[in-house]
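Please look over the sequence and the structure shown below before reading on. The report that follows is meant for someone meeting this structure for the first time.

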Amino acid sequence: MKRNIRRKSSFIIPKLRILTGKPGITLVSVKTQYVISKVTSHGARLDVLAEDAEKTLYHLEIEGADVTDHARRTRFYGSLTDGEVLRKGKDCSELPERYIFYISRKDIWKGGCTVYEEEKRFRKSGQMYTDGAHLIYVNTEIDDRSRIAKLMKYFKTADPFDDSEGELSKQVRFLKTEEGGIEIMCEIMERIREEGKIEGRREGIREGKKSGLREGRKSGRLESSRKAAVNLDQMGMPPETIARAVEEDVTVVKQWLKAAKK
């Protein structure tokens, strides 16, 4: 378990240090493709959920191809995360600081910026306040020559032979070109598929029908594989390797990737 945390941390920490502007950040927990399930309401799978030594939470979410309302999507994910960490009997004052970094391909707010950071203020007085929840939109389309824009430029290609991002570049090279790294990715894909099957069963139970159970299983598995394929593509992994990792026909994978880029 500790070895897995170290592997994930070594890949996530360089990104978070740049995104947060906190060069000394250390992580005690890293969860990828983390499923939050609800019995009576809609659940979600978070791309990355990490916690640092100060108990601050960091949620990195990559824009989905089927998203039409980005603002409400981040609102929903934030509420799910808060509900997950605030256990029964705890006071709301115990909610930790939480950052959501929502990474998109396009400049969805059309403001010509790489980064859009949400501010909370009262309309009449202009007085700012904070509730511990921080929302930052980041896109790979606009290059304002900032440090984050440079990271996003690398993020688009994830060239394993591009050493410009130091430790992050080393981890990308390991995951994409070395046998041990490919094995790790296959292990992750297997876990994602199993989580998809579990979520599919829950969905089928909620439907209360055998046909719903079968469809739920199938839908959960396919959606897990599709999202994993899109994430791996954004890391620069070739379709043929992705197809092997998610155990799907390469033609289907290419269709997923083509639809995600529209």
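What follows is a report on charged side chains, their pairings, and cysteines.

The model discussed here is predicted, and every value below is computed from it. The structure holds 8 salt bridges, and three of these pairings are set out in the table with the distance between nitrogen and oxygen.

| Salt bridge | Distance, N to O |
|---|---|
| Arg105 and Glu63 | 4.0 Å |
| Asp82 and Arg98 | 2.9 Å |
| Lys120 and Asp131 | 3.4 Å |

**Pairings across the chain**

Arg105 and Glu63 meet through their side chains in a salt bridge of 4.0 Å, N to O. This pair links distant parts of the chain, since Arg105 sits in the loop between S4 and S5, while Glu63 sits in the loop between strand S3 (57-62) and helix H2 (70-85), the two being 42 residues apart. Arg105 has a relative accessible area of 25% and is therefore partly exposed, whereas Glu63, with a relative accessible area of 11%, is buried because buried residues are those under 20%.

Asp82 and Arg98 form another salt bridge between side chains, at 2.9 Å from N to O. Because Asp82 belongs to helix H2 and Arg98 to strand S4, this pair ties together parts that are 16 residues apart in sequence. Arg98 has a relative accessible area of 8%, so this residue counts as buried.

In the salt bridge of Lys120 with Asp131, the closest N and O atoms are 3.4 Å apart. Both residues are in the loop between S5 and strand S6 (133-139), at positions 11 residues apart, and the pair links distant parts of the chain. Lys120 is buried, as its relative accessible area is 17%. Lys120 and Asp131 also belong to a network of salt bridges in which Glu118 is linked with them.

**A positive patch on the surface**

On the surface, Lys106, Lys110, Arg145, Lys153 and Lys156 gather in a patch of positive charge. One of these residues, Lys110, is placed in the loop between strand S4 (98-104) and strand S5 (115-117). Lys110 has a relative accessibility of 71%, and because exposed means over 50%, this residue counts as exposed.

**Cysteines**

How many disulfides does the structure hold? The structure holds 0 disulfides. Among its cysteines, Cys92 is exposed, with a relative accessible area of 56%, while Cys113 is partly exposed, with a relative accessible area of 31%.

Definitions and conventions:
Residues numbered from 1 in each chain as written. Predicted model: local features only at pLDDT ≥ 70, side-chain atom pairs only at ≥ 80, totals over all residues. Heavy atoms only, no water. Patch = residues over 30% accessible without salt bridge, like charges linked within 9 Å, V, L, I, M, F, W, Y side chains within 5 Å. Areas by Shrake-Rupley, 256 points an atom, 1.4 Å probe, with all protein chains shown as cover. Lys, Arg positive; Asp, Glu negative; His and termini not counted. Charge placed at Lys NZ, Arg CZ, Asp CG, Glu CD. Helix = DSSP H or I, 4+ residues; strand = E, 2+ residues; numbered from the N terminus. Buried < 20%, exposed > 50% of the residue type's maximum accessible area, 1.4 Å probe, protein only. Disulfide = S-S within 2.5 Å.
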